[in-house]
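The sequence and the model are shown first.

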Amino acid sequence: MLDWLLKIIGLNRGADIAELARRLKLPEASLRELKPEYREFTVPKRSGGKRQITAPSAELKLMQRRILRRVLAKLNAHPSATGFESGESFATNAARHCGKRIVIHFDVKNFFPSIRSQRVYSYFRYVGWNRAASRLLSKLVTWQDSLPQGAPTSPRLSNLVNYRLDVRLADLARRYDATYTRYADDISMSLDDESFDLRALIGTVFTILRSEGFQPHRGKKFSVRRQHHQQRVTGLVVNERVNLPRKTRRWLRAVEHRAATSQLPITSPDWRPAKKCTLTPEQLSGWRGIVVMVNRVNESESTS
């Protein structure tokens, strides 16, 4: 009987709401009284179609940023999870797969909506919050039973709660002497040994994804590329070194030429004809930043 009572009491051990308020440097009442509110809208995808964004209210966004900085920032994600992590980018993610004989790309449908509130609650319990604090934290960072795509906390949480997924896929990659990375829902494995049965590897990845609550894409979002193909990881070519696709590099040279000669803007090659747009100075600055990022990664690889 005593053991049973101790077990029940132990279920609610952990840091409480008062401790959460202390860490966030906010009155406890303001945490309890905040009612999550969101607005939904769509933005166009570069590959076509639309992406649903669920954006928090201004007050809730400020709260989520506090939670991100003061609660989530120092928690550890798996080393293979490169998206949204300090010191990582889509370029450093791609660099891990350079020069491999085979690059396999997987993608997950509805990544953020597939991460349910119960998983988030269980994660907060796991890292040391009691039931009441875990429920409150979950309420503040989830919406309609999932991670909202648009909340500042969702990217980091998507890495933290998927630690087990990354462990399982990294262990699988190790058995095949392969390299594994995950940039949000963009999953890559690369290897040099072609003697393995790739169908078994691919089938096991699909099985692991489904068992973790995700539905993998098939069709064009799944690919197996060998060195005689153009191998891409997170949108960058990785056959020899990290680089933008040739079409994009040519287009950027044309953009820079027109900018230098004060000609009219030029449309982006990544937009479908029905979705073409001209580049604003801010967008051009963003593309220049991407070029700098790619060059920096290549310089780092060459000196390491």
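Helices here are DSSP runs of H or I with at least four residues, numbered from the N terminus. In this predicted model, asparagine 159 belongs to helix H8, which spans residues 154-160. Asparagine 159 counts as buried because its relative accessibility is 0%, and buried means under 20%. Its side chain forms a polar contact of 3.2 Å with the side chain of arginine 182.

The structure contains 12 salt bridges.

| Salt bridge | Distance, N to O |
|---|---|
| Arginine 96 and glutamate 88 | 2.8 Å |
| Aspartate 197 and arginine 199 | 3.5 Å |
| Glutamate 256 and arginine 288 | 2.8 Å |

Glutamate 256 is partly exposed at 29% relative accessibility, as is arginine 288 at 39%. In the remaining pair, aspartate 197 is partly exposed at 39%, whereas arginine 199 is exposed at 70%.

Salt bridges also link Glu19, Arg22 and Arg23 in a network.

A positive surface patch is made up of Lys25, Arg65, Arg69 and Arg70. Lysine 25 sits in the loop between helix H2 (17-24) and helix H3 (28-33). Lysine 25 counts as exposed because its relative accessibility is 60%, and exposed means over 50%.

Note on methods:
Residues are numbered from 1 along each chain as its sequence is written. This is a predicted model: local features need pLDDT of at least 70, side-chain atom pairs count only at pLDDT 80 or more; totals for chains, interfaces and linings use all residues. Side-chain values use heavy atoms; hydrogens and water are left out. Patches are made of residues with over 30% relative accessible area and no salt bridge: like charges are joined within 9 Å, nonpolar side chains (Val, Leu, Ile, Met, Phe, Trp, Tyr) within 5 Å. Accessible areas come from the Shrake-Rupley method with a 1.4 Å probe; for residues, only the protein chains shown count as cover. A salt bridge is a side-chain nitrogen of Lys or Arg within 4 Å of a carboxyl oxygen of Asp or Glu. Lys and Arg count as positive and Asp and Glu as negative; His and the chain ends are not counted. The place of a charge is taken as NZ of Lys, CZ of Arg, CG of Asp or CD of Glu. Helices (H or I, at least four residues) and strands (E, at least two) are DSSP runs, numbered from the N terminus. Buried means under 20% relative accessible area, exposed over 50%, partly exposed in between (1.4 Å probe, protein chains only). A polar contact is a pair of N or O atoms within 3.5 Å; within protein, one must be able to donate a hydrogen and the other to accept it, and residues adjacent in sequence count only if both atoms are side-chain atoms.
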